[in-house]
Amino acid sequence: MKVEEKIALDAIKNDKESHITLDQTICGKCKERMCVTVCPGHLYSLNKETGDMVVEYAGCLECGTCKIACIYKAITWEYPGGEFGVQYRYG
Amino acid sequence: MDKIDAVIVGGGLAGLSAAYKLADAGKQVILLERGDAPGSKNVTGGRIYVDPIREYLPEIINEAPFERHVVKEMITILDDDSSMQLEYGNNKWRKEPYMSYTILRARFDNWFSEKLMEKGVFVIPKKKVDDLLWEDGRIAGIKAGGEEIGAHIVIAADGALSFMAEKAGIRKPLEPQNYALAIKEIYKLDENTIEERFGLEPGEGAANLFAGSITKGMFGGGFLYTNRDTLSLGLVVGIDALIRQETPLEAYRLMEEFSARPEIKRWIRGAEQKEYSAHIISEGGIHGMPKVYTGGMLLAGDAAGFALNLGLTVRGMEFAVASGVLAAETANEALDKGDTSEAFLSIYEKKLKESFVLPDMETFRHSKEVLENKRLFTVYPKFLCELLDVLFTIGKGPKEPLYKSAMTVAKRYVLNWDGFKDIMSMRKM
């Protein structure tokens, strides 16, 4: 099963606004792209046309690993508002 | 400002335990949980060792909806194309009181919160706490969604990322070397099949740890626990190790490769995947801990960095329950005395030192540096697998004496200066 299909198994209620914001001026200079390596949901990717880093916040598992892994501090990461985000049924 | 006795941020084990004890002491408590219900944002491996916490919450531990009591410990050491498995069982684990149970947090925490409501605690779900309230340089409550709730004391039990500790200015920055990422998958399998497949009697459970080439030399390992009618399969890997890979392999791919191993497929065959989750684990031990109290606030559970990885045992939930109960005792005494100053709240640390929490964290203060040794995940698994390989393999031509073959393998991997240094390092744990 692909990671996208795995995330589709989860109960997630998405807010209209993202709880993750990226500082593209920092992302633009980053070579390591730690966020891409660590994200268990495979949610980070580089938009080849614009050169921007993109995060699909809608599939976020709320582990916070990207926030810790980005040593350049380009990621502002908060919990989604109450009522939103992933709701684990097993945990 | 009108104030209630205590606000608890976070409906995990630490927060729930604290609320339970404060309610027992007759205090007014509100518990705020950002998920739809307590447990819905929580992930465990998971198993819980109940002996350390039975005396802290006897009624809860005795009635809790755990999954299975663990009677069988399995360790699987993996090289790229080979593996060895060790199984250890002991009849004493089949007798009550049981030592440890597998657990699923969505079910457990929600049940626990119902027990709190029966005691009159206000458990408010879907409420994310945004900020702290301050009064005379001391924490005096919280802000949540535009509302303010004044409280004489705040217990921050908001998990390993603790935004409350950050806002209070007592948490160290979150650094990659102090945390590991855990990815977990839930597979549905009927009870009888689980029991047959793992060789268990009804109600009994198994725990299987995996180490070796599955983490490509990185700090970490895999786990598999049998729940009542599901399996918890997961992989843990250090965040620092992940971002320092020379040729980066994404974490989700590591998980895919792990679950595709024949050593895993044999257990999950025919099972339907039901959930995919991830969480961070504090691995910093006592070095990674923040200050656990400040004027008007106490930290408990993961928020306080209470977690310990000893390789074969990984613990966090017992510390969460015990620290939650001790935070409640501290808060109760502070409320009775009308003194929630930092000076008075320092008795929390004293209580933690008199319990098992801080002594365990102290005893195993070097466990991280011992376990971070790359050779544990590369050289030793290779050594064990190759040793068995030379002993079991019969090829063309005359076979070398077994002792000679074994020594050749041992010299290649472990009977050397690095091996000696590893043994010296192990003594720190």
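This is a predicted model in which local features need pLDDT of at least 70, side-chain atom pairs count only at pLDDT 80 or more, and totals for chains, interfaces and linings use all residues. Residues are numbered from 1 along each chain as its sequence is written, chains are lettered from A and ligands numbered from 1 in the order in which they are written, and side-chain values use heavy atoms, with hydrogens and water left out.

Q: What makes H1(B) roughly parallel to H3(B)?
A: Helix H1 (residues 13–24) and helix H3 (residues 105–118) of chain B pack at an angle of about 15°, with axes 10 Å apart. Axes are lines fitted to C-alpha atoms, for helices over the stretch in contact, and angles run from 0 to 180 degrees between N-to-C directions. Angles under 35 degrees count as roughly parallel, over 145 as roughly antiparallel, 65 to 115 as roughly perpendicular and the rest as oblique. H1(B) is therefore roughly parallel to H3(B). Helices here are DSSP runs (H or I, at least four residues), as are strands (E, at least two), numbered from the N terminus.

Q: Which residues make the contact between H1(B) and H3(B)?
A: From H1(B) come B:Leu13, B:Leu16, B:Ser17, B:Ala19 and B:Tyr20, and among those of H3(B) are B:Phe108 and B:Phe112. Contact means heavy atoms within 4.5 Å.

Q: Why is H14(B) called roughly antiparallel to H15(B)?
A: In chain B, helix H14 (residues 379–392) and helix H15 (residues 402–413) have axes that come within 9 Å and cross at roughly 165°. That value puts H14(B) in the roughly antiparallel class relative to H15(B). Their contact includes B:Phe383 and B:Leu387 of H14(B), and B:Val409 and B:Tyr413 of H15(B).

Q: Why are H9(B) and H11(B) called oblique to each other?
A: The axes of helix H9 (residues 317–337) and helix H11 (residues 347–354) of chain B come within 9 Å and cross at roughly 140°. H9(B) and H11(B) therefore count as oblique. On the H9(B) side, B:Ser323 and B:Leu326 are among the residues that meet H11(B), where B:Tyr348 is one of the partners.

Q: How do you know whether B:Tyr56 is buried or exposed?
A: Its relative accessible area is 12%, so B:Tyr56 is buried. The cut-offs are under 20% for buried, over 50% for exposed and partly exposed in between (1.4 Å probe, protein chains only). B:Tyr56 is found in the loop between strand E3 (47–49) and helix H2 (58–63) of chain B. Leaving out residues up to four places away in sequence, B:Tyr56 touches B:Lys21, B:Ala322, B:Val325, B:Leu326, B:Ser355 and B:Phe356. The C-alpha atoms of B:Tyr56 and B:Ser323 are 9.8 Å apart, although 267 residues separate them along the chain.

Q: What makes A:Lys6 count as buried?
A: A:Lys6 has 3% relative accessibility, so this lysine counts as buried. A:Lys6 lies in helix H1 (residues 3–8) of chain A. Apart from residues up to four places away in sequence, A:Lys6 touches A:Met1, B:Glu185, B:Glu256, B:Gln273 and B:Tyr276.

Q: How many residues are in contact between chain A and chain B?
A: 40 residues of chain A are in contact with 49 residues of chain B. The area buried between the two chains is about 3700 Å², with 59% from carbon and sulfur atoms. Buried area is the accessible area (1.4 Å probe) that two parts lose on being put together, summed over both.
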